[in-house]
Each structure stands twice: as structure tokens, then as C-alpha cells.
Amino acid sequence: MGGGVTGMKPKNPGERKDASIGTWGWLLPAAYSIHVVEEGLGGMGLMRWMAAGGGLHLTTAEFVGVNAAGVAALCGAAWGARRWIVLRWLLVAGAAIVFVNGLSHIAVCAVTRSYVSGLYTSIVLYLPLGGILLYRLGRLVPLRLFVPAVLLGLVIHGAVLWIVLRLPGFVPA
């Protein structure tokens with residue numbers, strides 16, 4: 001098990017630190033990466049769609065840079081959650097972001113009655129993976145940490161939407 005920060009080791013010395021998480025946590029950055037490819041290349045591309053509606057104008061390099069930071073954050077969450085039980089809340093926040101992002105893509109497509117880049121990976125990857133991880137982590141993370149982590153995920157997703165869509169004046173293309 002190696003050394004670790006005091007208080008971060010499993011209570012039961014025989015318990016694996018990644019018990020019941022397995023590789024699920026590592027699927028978050030993988031799914032995020034695939035989703036970003038669809039957002040960048042699908043349809044008119046999310047960047048052009050956002051800009052056409054009055055949202056943030058991002059260059060391809062800026063879009064890739066912002067999302068590379070997102071992948072790095074999810075990799076850090078997956079690594080930390082497998083290494084130290086107390087950091088599992090990071091995966092909860094990541095799973096909440098992914099799940100809500102999937103729902104938001106579906107909602108926007110329903111409202112605009114059009115395809116918005118990211119829809120397919122939202123349906124195939126984000127909703128199932130986010131839901132399964134939230135379910136699994138809900139059994140592994142104490143409620144006092146789980147609920148605030150979900151709320152943090154919702155706040156982060158909401159803040160990103162607010163910034164990139166430049167709400168409240170956004171008009172979907």
C-alpha cells in the first residue's frame with residue numbers, strides 16, 4: 001500500500017484503496033476526451049455554434065487548451081480517488097459534471113430541435129458513465145461528502161455554461 005498521508009489510508013489494512021472503483025474513475029477522462037472530439041468536429045462544431053448564438057468566441061487552440069485542463073483535472077481526480085479513499089469526492093464532482101453536461105446537451109437539442117455537437121457522446125457515454133459512477137460512489141462516499149461534491153459539480157458546470165454562453169443574452173444558433 002505504500003506510505004501515504006496520515007488519515008488517508010483505509011481503515012481496514014486488508015481493504016484495497018481502489019475497492020469498488022476499479023477502472024471506472026479512469027473512464028471519466030477517456031469519455032471527456034471523446035466528447036470533446038465530437039464537440040469540436042461534430043455538426044458545425046460547438047465553438048462555432050456558441051459564437052453564432054452570441055457566446056464566447058474560442059479559437060481551436062483555446063478550446064483544446066481549456067479542455068486539456070479538464071482532462072488533466074479528471075485524471076488527477078481518478079488517480080487521487082484510487083490512491084486515497086478520502087479523495088473519492090473528487091470523482092463524485094467529476095461524475096456529476098459529466099452527467100449534467102450530458103443532460104444539458106440533450107435539453108439544448110430538444111429545445112432547439114437540432115443537433116448540437118456533443119449529443120451522441122452525451123447519450124452513449126456521459127449519461128451511463130456519470131450515472132453508474134454516481135451510483136457506485138454514492139455507496140462508497142459518506143453522504144456528508146457526497147452531497148457537497150455533487151453540488152460542487154453542478155456549480156462548476158453552471159459556471160462554465162454561464163461563461164461560454166455569456167448568459168443571459170445567449171440565443172442558440
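Predicted model: local features only at pLDDT ≥ 70, side-chain atom pairs only at ≥ 80, totals over all residues.
**Helix packing**

Helix α1 spans residues 24-41, and helix α3 spans residues 60-83. The two pack at an angle of about 165°. Their axes lie 7 Å apart. Angles over 145 degrees count as roughly antiparallel, so α1 is roughly antiparallel to α3. The crossing of α1 past α3 is right-handed.

On the α1 side, the contact is made by Gly25, Trp26, Leu28, Pro29, Tyr32, Ser33, Val36, Glu39 and Gly40. On the α3 side, Phe63, Asn67, Gly70, Val71, Leu74, Cys75, Ala78, Trp79 and Arg82 take part. By class, this contact has 11 nonpolar, five polar and two charged residues.

**Aromatic pairs**

The count of aromatic pairs comes to two. One joins tryptophan 79 and tryptophan 84; the other joins tyrosine 115 and tyrosine 120.

| Ring pair | Centre distance | Plane angle | Class |
|---|---|---|---|
| Tryptophan 79 and tryptophan 84 | 5.3 Å | 90° | edge-to-face |
| Tyrosine 115 and tyrosine 120 | 5.0 Å | 25° | stacked |

Why is the tryptophan pair edge-to-face? Planes over 60 degrees apart count as edge-to-face, and the planes of tryptophan 79 and tryptophan 84 stand at 90°. For stacking, the planes must be under 30 degrees apart. The rings of tyrosine 115 and tyrosine 120 are at 25°, so that pair is stacked.

Now the exposure of each partner. Tryptophan 79 is partly exposed, with a relative accessible area of 47%. Tryptophan 84 is buried, at 14%. Tyrosine 115 is partly exposed, at 28%. Tyrosine 120 is exposed, at 52%. Tryptophan 79 also belongs to the α3 side of the helix contact.

Methods
Residues numbered from 1 in each chain as written. Heavy atoms only, no water. Axes fitted to C-alpha atoms, helices over the stretch in contact; angles between N-to-C directions. Helix = DSSP H or I, 4+ residues; strand = E, 2+ residues; numbered from the N terminus. Parallel < 35°, antiparallel > 145°, perpendicular 65-115°, else oblique. Left-handed = near helix turned anticlockwise from the far one by under 90°. Contact = heavy atoms within 4.5 Å. Nonpolar A, V, L, I, M, F, W, Y, C, P; charged D, E, K, R; others polar. Phe/Tyr/Trp six-rings, centres within 6.5 Å; stacked < 30°, edge-to-face > 60°. Buried < 20%, exposed > 50% of the residue type's maximum accessible area, 1.4 Å probe, protein only.
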